[in-house]
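This report describes a protein model with a ligand.

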Amino acid sequence: KRLGILLSGRGSNFLAIAKAINDHRLLGAKIAVVLSNREDAGGLDAARELKIPAFCVPSAGRKRAEHDAEMVARLHQHKVDLVCLAGYMRVLTVDFVRAFPDRILNIHPSLLPAFPGLDAQGQALEYGAKVAGCTVHFVDEAVDHGVIILQKTVPVKDEDTVETLSARVLQQEHAAYPEAIARVLSGEYAISERRYLHRNK
Ligand code: GRF
């Protein structure tokens, strides 16, 4: 199966997926293309070093619908089966989501539905949460809302800062994303009519 990775920054989740494939921990997957909306995204450089096709599709100053149409065209051009948002800091248009029904994944650095949106760790610390973590979920037409595939937890320590907690959660993200992709590609799971993911009996 061909993966399309979308990122806007350093791309550590992308690299974790690439490493899992390289280490034969994610069989049957190949990263077909890496796309970023930011020319300065470190993940683009990392992809180029790995000889993975990588392109910037700039979003600044462009209408969302037009930018997304170009992103979708690029993904189809590279025959992508599964789109993985990995630190992609844009909300997808409905048309983008509908172009890949139940075929877009995202990783969010909180235990959804807690702390959606930006600064998840700041929200968790502010609230006094004792456990934090990350969520890999299908992207639907809402934000940070789709069917949950996999979550991993970490303890929150009294002395934690946004930095220390983010670092602890990020380590779990790097384990969670490849595992979640493997589950989706395995075909062993189905989304029930109550819209949650379960293993076929
Ligand atoms: C990760 O914390 C991810 O959960 C969030 O943005 C960050 C991306 O980091 N969406 P990276 O670009 O994958 O290193």
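Sorted by class, the residues that line the largest pocket are 20 nonpolar, 13 polar and seven charged. The model is a predicted one.

**The largest pocket**

The volume of the largest pocket is about 990 Å³. Its lining counts 40 residues, and those closest to the centre of the pocket are G87, Y88, M89, I107 and P109. Several elements give at least two residues each to this lining: helix 1, helix 4 (94–99), strand 5 (104–108), helix 5 (120–127) and helix 6. Helix 6 has the largest share, with five residues.

**The ligand site**

Where does the ligand lie? The space that the ligand takes is the largest pocket. Helix 1 (12–22) and helix 6 (162–186) are the elements that give two or more residues to the shell around the ligand. The residues of that shell are R10, G11, S12, N13, G87, I107, P109, L170 and E173. By class, three of them are nonpolar, four are polar and two are charged.

Which parts of the protein come close to oxygen atoms of the ligand?

| Residue | Protein atom | Distance to a ligand oxygen atom |
|---|---|---|
| S12 | N or O atom in the side chain | 2.5 Å |
| N13 | polar backbone atom | 2.9 Å |
| E173 | N or O atom in the side chain | 2.7 Å |

On its own, the ligand has 370 Å² of accessible area, and the protein covers 85% of this area.

**The second largest pocket**

How much space lies in the second largest pocket? The value is about 150 Å³. The lining of this pocket is made up of R2, A18, I21, N22, K30, I31, A32, L50, K51, I52, P53 and H78. Helix 1 and strand 2 (30–36) each give at least two residues to the lining. Helix 1 also supplies at least two residues of the lining of the largest pocket. In the second largest pocket, the lining has seven nonpolar, two polar and three charged residues.

**Two points of the backbone**

Most residues other than glycine have a negative phi, and most peptide bonds are trans. Two places in this model depart from that pattern, as follows.

K51, one of the residues that line the second largest pocket, has a phi near 60°, a positive value in a residue other than glycine. K51 is placed in the loop between helix 2 (42–49) and strand 3 (54–56).

The other place is the bond between L112 and P113, a cis peptide bond with an omega of about 10°. P113 belongs to the loop between strand 5 and helix 5. Strand 5 and helix 5 each supply at least two residues of the lining of the largest pocket, the space taken by the ligand.

Conventions: Residues are numbered from 1 along each chain as its sequence is written. This is a predicted model: local features need pLDDT of at least 70, side-chain atom pairs count only at pLDDT 80 or more; totals for chains, interfaces and linings use all residues. Side-chain values use heavy atoms; hydrogens and water are left out. A residue is near a molecule or strand if one of its heavy atoms lies within 4 Å of it. A polar contact is a pair of N or O atoms within 3.5 Å; within protein, one must be able to donate a hydrogen and the other to accept it, and residues adjacent in sequence count only if both atoms are side-chain atoms. Accessible areas come from the Shrake-Rupley method with a 1.4 Å probe; for residues, only the protein chains shown count as cover. On a 1 Å grid over the protein atoms alone, a cavity is a set of points where a 1.4 Å probe fits but cannot get out, and a pocket is an open set with protein on both sides within 12 Å along at least five of seven lines; lining residues have an atom within 4 Å of a point. A molecule sits in a cavity or pocket if more than half of its atoms lie within 2 Å of its grid points. Helices (H or I, at least four residues) and strands (E, at least two) are DSSP runs, numbered from the N terminus. Ala, Val, Leu, Ile, Met, Phe, Trp, Tyr, Cys and Pro count as nonpolar, Asp, Glu, Lys and Arg as charged, and the others, Gly among them, as polar. Grid points are joined across faces, edges and corners, and a volume is the space filled by probe spheres set on the points.
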